[in-house]
Amino acid sequence: MRNVIYLGVLLFFVTPAFSELSDSDIQRIREIVQITVAAEGKQIRAEMTAAIDASEKRMKEHLNTKISEVDARIDGVNTRIDGVDKRLNFAFTVLGWLFALVIAALGIPQLIIAFRQRGQERLQSSVEELYAVHSEVLAELKQLRAENEAFRGRDGSQSESP
């Protein structure tokens, strides 16, 4: 304990403990602090710039890999779309030919029937004309027979009267 008291008294009378800072000392401390802060600021800026550059580089690499993956997926999707497009084109071509076949299967018999009907209508009108002419000829023939009978009757009555 005695040693502690001696040490305490010794420290109490130490000269720097009673000294004061002068304006030049404060100015010198300020300069040292400014130099240190400026150096540390430059160092921090350099470290931050390096960290930002490294981060940007990693981000670019990451984005490039993601873009490559997306491009690969897009290529796969484009390939599938091309395949589907080819199949759809084939299906529409087949469907078009089927429609043409159905139209031909339904249309050709209808055309044949229409041409036959038109021919039958012409034949029917020709038969009707012939029948009308036949009726007229028969009517004229009857009239001529009647005239002939009348003429014969007059001729026969004239031959009997002499």
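How many helices and strands does the secondary structure of this chain come to? Two helices and zero strands. Keep in mind that this is a predicted model.

Start with the overall form. The radius of gyration is 65 Å. The globule rule gives 15 Å for 162 residues, and 65 Å is well over that, so the chain is more spread out than a compact globule. Along the principal axes, the C-alpha atoms fill roughly 210 × 35 × 35 Å.

Now burial. What share of the 162 residues counts as buried? The figure is 0%. The accessible surface of the chain comes to about 15,200 Å². Carbon and sulfur atoms account for 64% of that surface.

Next, the nonpolar patch. Ten names to find on the model: V84, L88, F90, F92, V94, L95, L98, F99, L101 and I103. Together they form a nonpolar patch on the surface, with about 1,000 Å² of accessible area. Take V84 as the way in. V84 sits in helix α2, which covers residues 23-160. Is V84 buried, partly exposed or exposed? Partly exposed, because its relative accessible area is 39%, and the cut-offs for that class are 20% and 50%.

On to the charges. The chain has 20 positive and 23 negative charges.

How many salt bridges does the structure hold? Two.

Here is one. E31 pairs with R28, and the closest N and O atoms are 3.6 Å apart. Why can these two meet? E31 and R28 are three residues apart in helix α2, so about one helical turn separates them. E31 is partly exposed at 34% relative accessible area. R28 is also partly exposed, at 49%.

Here is the other. K66 forms a salt bridge with E69. The closest N and O atoms are 3.8 Å apart in this pair. K66 is partly exposed, with a relative accessible area of 39%. E69 counts as partly exposed as well, at 38%.

To recap. Two helices, zero strands. A chain more spread out than a compact globule. Of its residues, 0% count as buried. A nonpolar patch on the surface that includes V84. And two salt bridges, E31 with R28 and K66 with E69.

Key. Residues are numbered from 1 along each chain as its sequence is written. This is a predicted model: local features need pLDDT of at least 70, side-chain atom pairs count only at pLDDT 80 or more; totals for chains, interfaces and linings use all residues. Side-chain values use heavy atoms; hydrogens and water are left out. Patches are made of residues with over 30% relative accessible area and no salt bridge: like charges are joined within 9 Å, nonpolar side chains (Val, Leu, Ile, Met, Phe, Trp, Tyr) within 5 Å. Accessible areas come from the Shrake-Rupley method with a 1.4 Å probe; for residues, only the protein chains shown count as cover. A salt bridge is a side-chain nitrogen of Lys or Arg within 4 Å of a carboxyl oxygen of Asp or Glu. Helices (H or I, at least four residues) and strands (E, at least two) are DSSP runs, numbered from the N terminus. Buried means under 20% relative accessible area, exposed over 50%, partly exposed in between (1.4 Å probe, protein chains only). The radius of gyration is taken over C-alpha atoms; the globule rule is 2.2 Å times the number of residues to the power 0.38. Lys and Arg count as positive and Asp and Glu as negative; His and the chain ends are not counted. The place of a charge is taken as NZ of Lys, CZ of Arg, CG of Asp or CD of Glu.
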